[in-house]
Amino acid sequence: MTEKFNVGYIGLGSIGKPIAKHLVCDQFNAHVYDIHRPAVAELAALGARGCDSPAQLARACAHIGICVLEASQVEAVLYGADGLLENAASGAIIAIHSTVTRADVLKWAGAGAARGIKVIDAPITGGVRSAEAASLCYMVGGDSATFATASRVFETSAEKIIHTGELGTGIILKLCNNLITNAEFMAMSEATRLAEAGGLSAELLREVGKSNGVINETMYNFINNRNALAATCSAARMEEIFGPPGKLGEKDLLCAIQSARELGVELPYTQRLQGDIYNLFLNKV
């Protein structure tokens, strides 16, 4: 019988939790950590090994995934006496699934390399439903050997795994994808406003847009749900529901702008979108 491979997962939110659940399988011993302890308990009840700290997880695992909201949270689990870099064994792989900047990834990879640890960028797209259905798309930057080893873990929750090339290219592809998504939301919002001002329905706009590929279901559903809620609830309720994804959009676009500048590219229209995206989610622009 083949010995199980020890893998770790940090960040058991709406995306991370279903990904971690897929790691509870015959192939792996899954170890999990999150500051939200009920999420750890839920995974432990399914057969994962709940850890009390990043250090405990790092000492047990040869592959560790990090799926948290932002760069500061990644750094909180990477650095310090209780962090992954201090406690993981030489040869371990740390996969960054969070949406951050290219500079962040390169900095963390350099810190890992100094300890013989491979840090790679492996952002994901597909959302909660794809995470639950094991149909995510992974975009992975790093050398071919590390990619091949890490892909064994990614396969448990992936429909597609793309080796984008050298370190840092995975996150660039993810930032491009998110830039397009947020730009689509703005275009759909303003087009819907124009259509309705002219006495047309959003459904007619959708019918035409679907026929020629201009409108996808994600664009339509986002604007339709936002507009329906805005018509029936308070500003505070809108902020509660659409504020968090609006802040994520704001953060992701800023990461795209910063990564572009590092590469010598300016994104002037993305800068304007970044300034407006939070209010777009709240139906204020």
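**Notes on the predicted model**

1. In α11, the residues M219, Y220, F222, I223 and R226 are buried, where buried means under 20% relative accessible area, exposed over 50% and partly exposed in between, with a 1.4 Å probe and protein chains only. Seen down the axis of α11, these buried residues fall within an arc of 165°, so they line one face of the helix; the arc is that of the directions from the helix axis to the C-beta atoms.

2. This is a predicted model, in which local features need pLDDT of at least 70 and side-chain atom pairs count only at pLDDT 80 or more, while totals for chains, interfaces and linings use all residues. Residues are numbered from 1 along each chain as its sequence is written, and side-chain values use heavy atoms, with hydrogens and water left out.

3. Helices (H or I, at least four residues) and strands (E, at least two) are DSSP runs, numbered from the N terminus. The buried residues of α11 pack against α9 (169-197), α10 (202-212), α12 (235-262) and α13 (268-281), contact meaning heavy atoms within 4.5 Å.

4. T192 is found in helix α9 and, at 2% relative accessibility, counts as buried. A polar atom of the T192 side chain lies 2.7 Å from the backbone oxygen of M188. Not counting residues up to four places away in sequence, T192 touches A202, L205, I223 and N227.

5. Strand β5 (residues 93-96) is covered on both faces, with I93 and A95 buried on one side and I94 and I96 buried on the other. In a regular strand the side chains alternate between the two faces of the sheet. β5 pairs in the parallel sense over 4 bridges with strand β4 (residues 63-66), and likewise in the parallel sense over 4 bridges with strand β6 (residues 118-121), pairing requiring at least two bridges found by DSSP. The bridge partner of H63 in β5 is I93, and I96 stands opposite D121 in β6.

6. A81 lies in the loop between α4 (71-78) and α5 (84-87) and, at 69% relative accessibility, counts as exposed. Not counting residues up to four places away in sequence, A81 touches E86 and N87.

Technical notes:
A polar contact is a pair of N or O atoms within 3.5 Å; within protein, one must be able to donate a hydrogen and the other to accept it, and residues adjacent in sequence count only if both atoms are side-chain atoms.
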